Structures are given as structure tokens and as C-alpha cells.
Amino acid sequence: MEELRIGVYVCHCGLNIAGTVNCEEVAKFAATLPNVVVAKDNRYTCSDQGQELIKNDIKEHKLNRVVVASCSPRLHEPTFRKACEEAGLNKYLFEMANIREHCSWVHLHEKEAATEKAKDLVRAAVAKVALLEPAVEAEVPILRKALVIGGGVAGIQAALDLADTGYKVYLVEKEPSIGGRMAQIDKTFPTMDCSICILAPKMSDAGRHPNIELLTNSEVQEVKGYIGNFKVKVLKKPRYVTKDCSACGDCSDACPITAPNEFDIGLATRKAIYTPFAQAVPSTYIIDREICLNKEGIMACDKCIKACERQAINFDMKPKTLELEVGTIIVATGADVYDPSALLNYGYTRYPNVITSLEFERLINAGGPSGGNLLRPSDMKIPDSVAFVQCVGSRSEKGNVYCSNVCCMNTIKDSLLIKEHWPHIKIYVFYVDIRAFGKGFEDLYRRSKEEGVIFIRGLPAEVVEDRKTNNLWLIGENTLQKEIYKISASMAILSVGIEPCQDSDVIQRLFTLSRTSDGFFMEAHPKLRPVDAPTGGVFLAGCAESPKDIKDSVTQASAAAARAGILMAQGKVTVEAITPKPIPENCKLCGLCTQVCPYNAITIDKEQKLVEVIEAACAGCGTCGAECQFDALHMRHFTNDQIIAQIDALTEEDADKKIIAFCCNWCSYAGADFAGVSRMQYPTNVRIIRTMCSGRVSQKFIERAFARGAGAVLVAGCHIGDCHYINANHQTQKRMERLWKKMERVGVDKNRLHLLWASAAEGERVASKVREMHTLLDKLMPEEVEKSKKAFAGS
Amino acid sequence: MIVPQKLWRKPLDAEKIKTPKAEIHIIKDLCKGCGFCIEFCPKKVLEKSDQLNKKGAYPPKVTDESKCALCGFCTAICPEFAIYTVEKKCEEGCENGRKK
């Protein structure tokens, strides 16, 4: 092996670091560490001169490892890695010591202790850098084809954008027609455009685009592969009507079987052979075999076949499974609406004149079951007065706790529609807050008030029906005027909220996505990667991600298409070299690693007796490495040896006074950074080791720290449900529970090991945890430390 | 399908929908009691009666004529030509295909 030549650069960062830490002393200390040939301190290492200095030293002193002690690696690691690369040093041979966010900024007034801490951090970085290995990032080719799941307005827009860019797109929709929710709606806010009039041209564009293959009445069954190379199985269910169909409707007229039309929410009927709505794309009819008289093998009725001049009906069609290969996937599976029959006090399904906002859309629609007349169901007459009830199933423990985003504006739009057709109808809107936050929204709200719509703050506690007239009494408290109201209306419209789609769990499983506590799919980063799913090559659009209106859905769809397009235009993607390498000699083929991998990126080849890592699917969390009991997985850049070297370096002096903390890159390490940026002060005796995920923290790391006499150990990760590696932190929790039990068994105080969930915004949570643990250390007896040293000796 | 909420409402056009109404004719004495019509009727309109016919068989009887969809499958499969259906003629003043 070549001789190690390490260069250490201690940055003053103006006075940000040098104001607290004696940088010169730290650099002098660094020079005494093994294999360090150059150690310097300078004002701004990240400046051009600072980088030039490193580059020159790499050449002049033949450095083959570089450590920079400055700010957080989350900030400047890419900068310095690039500088190293430019000087011909592999970028994986660089390491950072965070002496700003984790040291000078959080110990502003403890100059000596902070300087000692900075030395410790540099010692750990030098220990790690000595063990780093050069790595080449793997390149994965990206197929230039995309799959869009869901044919609502978001899916259509994403498909059109990608197809126009020149990529082949498969658009999969489970319903017989694309169009989704937007096709059901009458008008759109705030411009009052006719919904289907603006959607239908897009639908037909998608239907006849040469680059789009429309797969309606189809469902995704299986997804395998990884970014750039997905293999997707799609079940295409038969329509029993061929493409020769001219959509004349003669078959439908002849069909003797009727059923409620789902598209009209059962307010109108359809036949067993039907098209859900006039503008459906494809316009080809479809036979509902659930209700058709012809069952498998028995042809009882041939009326549609006889009626069809073009002989387009074929009962012999069979379901087909298509195997598609695509490079990127856009999930635009949409949302469902809340079912208000659970809220008994509103009487939905008991009182005919209580309807939902979606039913209202069909009633007010000229193409709907009532020809655009707002008929109340009990007597089919135009009502004298209507009441809108807001937040039904939203912002309440009874339904969903989140705001459904669109219902306020939808109601305001509906109120104006009613006033436009029947100005005499009296309209009440019962609300909690009116959220008119978007462009043009407030104007619409004002117009509605000007038209005489009465807005009353306070939802009705109960809706009661007058048996004789079928009118409704709405009873509740007006919280602005502090009085009880009892208002009669001919009809009540429940403004129902938006819910995650019922198939969400299937989609989640298929694509290894994660969901928020509300049930919507989670984005990779809420601010800066809002359309990327955590799984590489998968993007989100529309209501699948969160409730949103048409404009936002379309915006997000175009964004998702652009993001997918970037990958496909590049044609390849590099994978950070932090993936595991199996060591076959050590492997016992136990399969534990495959079970904990959140991405299904590790497989066992039983015949070859080999563990294989699919690099493109692996995100590098390291949970597998922590689970492996036999050192059979070499977690690159975060190897067992490297992390143990860090632990050993940090516990070399006064270990019993120190807290060794393992923080995950995304949440808790970032949270500690945030504490630094906010100058939250906490005790100086904590030493943070960065891993990509708390799931990387193997039991033996913690045991090693105790064996070396560490006073306490902290493991910190993202909150459960927020893990950046889907659910890898569940493994953290399991391991911690195991270890607590073991500590109890061997008679070590289990309170010396803490687990903390802290998000990137929770700097104070990190700081107060350190404070709390610091008080424990004060009471720590030397006998207790000896006990743990003995108990875990050898680990 | 598209709507998760259960479809509980009677469709507004349920009364207006024109479904042909059937008259089912059974020539009892031709029936040999094979039961095909009963077994294969997709709407399960027929059942075995308890009246013997000349052939010593139990011919079918109609349970609910209004359920018949006039598919004509019983006529097609009857080996003895003993059953047929005709669409009810709509008399004058008849509304929506239904007698007043």
C-alpha cells in the first residue's frame, strides 16, 4: 500500500470559527497526528485562494488524502471534493471536520473547550480519511421511455409534455376513459371556464399523439427494476368492443340492462354497454361484464351485437398483460372524495336533499343528469334556498385533520354559478375560515359576497329534515356574532374534502414510496425537490401528492415531466459510491440484509450463493451493513473500520466525559447544523459522527464506544415516518431496543444510551437533548464506566 | 370505479329509462321438463312449477315477468320450442313504454 500523505486545512471562516476556536493551535495539533504531512490554517478555505492552496499542496506535497476542518459537509463538501478532483485526487479521499456549526457557533463563550473539541473532531477526521478508499461512481443508462400512471389532468399534462419533448409515453388509466375528476366538474375557479371544454382538447391530444400509447381500463400490477430501467407489468382488461367502434350508441340503445352511472355518481343511469361520458377518450364503448347477461361461456343476449353495424363487439377478448420497459415513472394517481355518510349529524343518505359538492357538479352541469338544472332530489324542483357546509371531512378529528385546499374556492364558484342561473335562490355558506389565497381568488370571494351570498362563520352542529316539506334546518352557532342560528334551506350541499386514493397502498408498495401521516405520497424534499419521489426515477404529480386545484396539478405535472425529461435527456445517471460491496468469503447467506433493505436493492442468488446489490436501486442508507453480523457487507465510504476509527479517535482522551453522537445526514445532523446556524448554545462534550441514515448505526459501534469508556451515546435520526430512506429508521429503533435490553442484562445503566428523533428544523431539540445528557454525565460514577468497559470489552 | 362513495341514490332518470317489457309465453304441454330455460335464464325469471303436464313433466313458471330482459335465450335453447317471449306492445296513452 502506498504511503499515506494527509493534508489538513483548518479554516478560520473569518471570525466565525477563529472567534472561538484557536485555529492555529488546532493546525499545530493536526501536524502531530499520524501521516499528516501538511497542516495549515487560513482565513477562508472555500475561497478560490483557499482551494488553490489545497490543489497546489496536493501536487507539491504529493498529498493523497485531504481533510478540511471548517463548516458542515452539507454545505461545502461538494466544493472541496471538486477542488481535489481538479488536482487529480479522487474525490472520495476527502473528509470534513465540522468545527463551525457543531463547534464554534454552539460554544461561543467556551474558547478553550471549543478548541479541544475542534482538535478531537480533526483527529477523528484524520483517522477516517486514512481509511478512505478511492471510488468510481457507477453509471446507469436511462431508457428514453416514460410511464405515467393516472389519466387525470395531471397525468394528461405530464404525458403531453414528455411526448412533445419527443419521448415515448405510456399513459395508464384504470377507468375506461381518461379525464379524471376534472371531467366531472362543471366550471373551474377562479375564471369560471367550463371544465370539460378546456380539458377535452387535451384529452383528445393525448389520445391521438403519436408518442403516447393510451392504456385505459388497465392497471399496473408489478414494478421491478430501478431508475432508468424499470420493468412494469400492466394488466389491460378487455373492453369487449374493438377500435372499429364509431361511438354511435346503437348498442347502448339496444342493451336491456341498466345500472347507475358512476361518472354521474349514480344520479343517472347507463347501460351494460356504455361510454362513461360524451367526451370520453378513447370514445370506444365498453361492456360491463359484471351486469351484462352474457357470462363466461354463456352467450344469452346478442342485442348489442345485432345493433352494431360495424361489428365492433367481440365477447372473446381476453385480459392481456403487457410488459413495458421504461426509464422514468410519473405517479399521478389522483385522489378520492370524502364520504360524508360517516358524519351522522349531517344526515347524508338519510335526507334526500343533502348532497355532496361532487353531486352538485353533476347537477349543475348542462351535460349532467338534470340537464344543468339544479333540481333537489326529493321533488325535482329548483330550490328557493341552498346552504353550503364547508370543511366536511377536513380540518377535523372526525374526518381528516388537514385542509383539503380546494373546497372554499369551489363553494364560492358554485355560489356564483347558482346566482348566475337563478338569482332568486338564497345562498348560505357555513364556514370555519374562508381560504382564498390564490391568484384571483379574493376577487371571486368578493364577487360572491356582492352577489348577496351570506357567509356565516360556524359550521352547523346538526342538519334536521322537516318531514313535510323535506326542507332542512341547519342549527349551529354563529361564532362571529356569538348567537345560535337555526336556518331553513331547501337543499344542503356538503363541501366534501379530498382523500388519498383508495389504491394508494398498492401504489406505495409497487413503487416503494412513502406517505405522510395524511396518506398522501411524500416528496423527496418538501421545498427543493417537490416533485421527486424518494425512489430514484419516480416523480409525483397532482392530488396523489397532496390536495390541490387544477392549476397546481398542471404546474406540478409539467415540473414532473421536466424532471423526468432531464434524466432521459442525459441518458445516464451516476450513483454516489456509498453503496455496499458484498464480501462473499464472510457471507453466510442468512438473508437479513435483504429483509431490512427499504429499496429491495439486495437479492440473494441461492444457486450462485451470492448476495447481489443493485447499485442503481440502492440509496446508500447502510441499514444492510448495520444488520450484517458477519462483516460481509462493505459499506463504502461509511465502512465499519472507518466509523470505528472515528469512535476510537473521539474516545482517546477523557472518554468518560464525552457523549458520542451518531447523527443521520438528512434530519438530525442537519438539525445540529441548524442549532449552529441559530447559535443555540449547548455543552461542549458532545462529539457527532455523521452517517447517511441512523439505520447505519450498528450495535457494535455503540458497544465499541462504551468499551472505550464513553460516558454516553446518542443515536439520532429522522422522525418515524419521515425517514429519507423510506423506513430504515424502524430498524434503528429495533436495534436500540435490543441494545437497551442487553444493557439491562449485563448490568449497565441503560440511561447512558439515548435515542432522539429530530428533524432538520429542530435544532433546539438536539441542543436540549445534549443538555439533558450532559447532566447525566455529571452524576456518572467511575465504577459505572468501568462496568460498561468490561461488559462490552472486545467489541 | 370512479366514485368511492356508495351509489345509494335512485338515478334521476330511473323512471324515464325505456327498458322493453316482456310477455313470456310457455306452451306447457310441449315442455319435457329438461330445465334448461330455468338454469340458463340470466335474470333468473323462471322456476319449476308443481303442475304436471301431458308429458308427465313439470313445466317452468314465471316468477317475475318484469325482470325479463327479452334476451330470448330461453327460446333459443328450448329443445321442444315450448317457450317464447314477445315485447309488450305499447298501447295508446302508454307512457315510457309502460301501460298506464
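Ground rules next. This is a predicted model, where local features need pLDDT of at least 70, side-chain atom pairs count only at pLDDT 80 or more, and totals for chains, interfaces and linings use all residues. Residues are numbered from 1 along each chain as its sequence is written, while chains are lettered from A and ligands numbered from 1 in the order in which they are written.

**Overall look at chain A**

I noted 23 helices and 38 strands in chain A. Helices (H or I, at least four residues) and strands (E, at least two) are DSSP runs, numbered from the N terminus. The C-alpha trace of chain A spans about 90 × 65 × 55 Å along its principal axes. I also checked burial: of the 795 residues in chain A, 53% are buried. Buried here stands for 20 or more other C-beta atoms within 10 Å of the residue's own, exposed for 12 or fewer, and partly exposed for anything in between, with C-beta atoms placed from the backbone.

**Domains**

The bounds come from an automatic or database domain assignment. I wrote them down for chain A: domain 1 (1–136), domain 2 (145–236 + 328–334 + 509–569), domain 3 (250–318), domain 4 (340–499), domain 5 (579–613) and domain 6 (638–795). Taken over C-alpha atoms, the centres of domain 2 and domain 5 of chain A are 34 Å apart.

Two strands pair if DSSP finds at least two bridges between them. I traced an open sheet of 4 strands in chain A, order E2-E1-E3-E4, with parallel pairing. Strands E2 (36–42) and E4 (94–98) of chain A stand at the edges with a single partner strand each, so one side of each has no neighbour in the sheet. The twist averages 15° from one strand to the next. For angles, axes are lines fitted to C-alpha atoms (for helices over the stretch in contact), and values run from 0 to 180 degrees between N-to-C directions.

Strand E3 (residues 65–70) of chain A pairs with E4(A) over 5 bridges, and Ala69(A) has Ala97(A) as its bridge partner in E4(A). Helix H1 (residues 23–31) of chain A packs on this sheet, touching E1 (6–11), E2 and E3 of chain A, and makes about 175° with the direction of E2(A). Helix H3 (residues 73–86) of chain A lies across E3 and E4 of chain A, at about 150° to E4(A).

**The antiparallel sheet**

I then found an open sheet of 3 strands in chain A, E11-E12-E17, with antiparallel pairing. E11(A) and strand E12 (residues 229–236) of chain A pair over 8 bridges. Gly225(A) has Phe230(A) as its bridge partner in E12(A).

**Helix H19**

Is helix H19 (residues 668–677) of chain A mostly covered or mostly open? Mostly covered: 9 of its 10 residues are buried, among them Tyr669(A), Asp673(A) and Phe674(A). Just after H19(A), Arg679(A) takes a positive phi of about 55°.

**Where chain A meets chain B**

I listed 24 residues of chain A in contact with 21 residues of chain B.

Note on methods:
Contact = placed C-beta atoms within 7 Å.
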